[in-house]
Amino acid sequence: MADRNDRNIQWYPGHMARSTRQIKEQLSRVDLLVEVADARVPLSSRNPLLSELSRNKEHLLLLSHADLADPTVTEDWLDFYIQKEKLRALAVCLNSAVDLARLRKELTKFHQPILERAQSKGRQSRPLRILVGGVPNTGKSTLINALIGKRSAPVESRPGVTRTIRWLRVGTEFELLDSPGLLEAKISSDDAAFALAASGAIKDDILPLEDLAFRLFREIYRHYPADLADRYEVNFDALTDEEDFVNFYEIYLEAAQHKGCILTGGRIDTERFARMFLADFRSGKIARISLERP
Ligand SMILES: Nc1nc2c(ncn2[C@@H]2O[C@H](COP(=O)(O)OP(=O)(O)OP(=O)(O)O)[C@@H](O)[C@H]2O)c(=O)[nH]1
Ligand SMILES: [Mg+2]
């Protein structure tokens with residue numbers, strides 16, 4: 001983010017080191033890594049540690065929150081990951097029954113070889129063992145609950161909800177390992193830190209929320225100016241270019257004003273607007289928005 005001091009933010013809570021170790025301890029039991037990344041930020045929401053940990057495993061990349069992402073951009077990402085990176089990848093809304101059915105079908109394909117092997121050896125079949133991993137708040141526990149068909153894992157709209165890893169069983173088909181969200185100890189770039197923060201993978205209380213919201217406002221303007229203008233009843237005619245921060249900020253304040261973020265005495269309540277704006281983005285109220293393109 002804009003401020004140099006932001007580098008000092010503690011991105012890496014202590015429990016992540018423990019979680020990484022716990023995941024490593026379970027790896028020998030795992031057949032498949034289902035990596036849950038966020039379709040709005042499909043680059044930054046991937047933690048390279050996961051691919052590394054599961055180098056010898058099957059790997060399925062799920063882009064969750066596809067209902068909130070720009071559908072054409074999501075198609076481009078799927079193309080990129082499937083064609084260029086030779087990954088198995090699916091984009092899903094984890095609250096959609098149709099998408100979950102597609103996902104189940106895909107998982108069954110990974111189970112098939114295990115079933116065949118057992119059969120050829122005259123052994124009893126066993127469930128497909130799946131490690132569900134990813135950065136915080138991407139929907140890992142939501143996915144597990146959906147497959148199990150009941151609320152077995154805790155789900156909330158903030159990062160860091162799952163604290164311990166544990167195996168959960170779905171009938172005779174799957175065994176699922178829910179794991180805490182993992183961030184890299186050093187996030188690779190300022191852009192990645194921004195994307196993770198905007199999508200909700202980093203705890204809001206350690207973020208400079210006002211800087212984050214203003215940067216998000218400018219980023220959304222780049223690709224979705226009409227949606228932004230509509231929702232906040234502003235117009236961008238006064239802007240000379242994308243670096244015209246002063247006029248941008250004026251427009252941003254107008255947006256805050258239109259949404260009633262005004263303190264007694266008439267000053268703009270920028271903190272309240274920052275929270276509101278982030279919540280609007282995260283719940284898809286502005287438009288279906290993707291912050292990264294392949
Ligand atoms: N709109 C939308 N919301 C989703 C989707 N998947 C998950 N969510 C929401 O995202 C939030 C986080 O979901 P969780 O399942 O707790 O995420 P997690 O990856 O387990 O998070 P941690 O345990 O904190 O790492 C919840 O509010 C879910 O309802 C999706 O595909 N679309
Ligand atoms: Mg969780």
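**Domains, sheet and ligand shell**

The protein chain splits into domain 1 (4–178) and domain 2 (208–282), with bounds from an automatic or database domain assignment. This is a predicted model: local features need pLDDT of at least 70, side-chain atom pairs count only at pLDDT 80 or more, and totals for chains, interfaces and linings use all residues. Residues are numbered from 1 along each chain as its sequence is written, while chains are lettered from A and ligands numbered from 1 in the order in which they are written.

User: What separates the centres of domain 1 and domain 2?
Analyst: The centres are taken over C-alpha atoms. The separation is 34 Å.

User: Which are the edge strands of the open sheet of six strands?
Analyst: Strands are DSSP runs (E, at least two residues), numbered from the N terminus. Two of them pair if DSSP finds at least two bridges between them. The order is β3-β2-β1-β4-β6-β5, with mixed pairing. Pairing on one side only marks the edge strands, β3 (88–91) and β5 (166–170).

User: Which element gives the most to the shell around ligand 1?
Analyst: The ligand is surrounded by 24 residues (C-beta atom, placed from the backbone, within 6 Å). The closest are G139, S141, T142, T162 and G181. Helices are DSSP runs of H or I, at least four residues. With three residues, the top contributor is α5.
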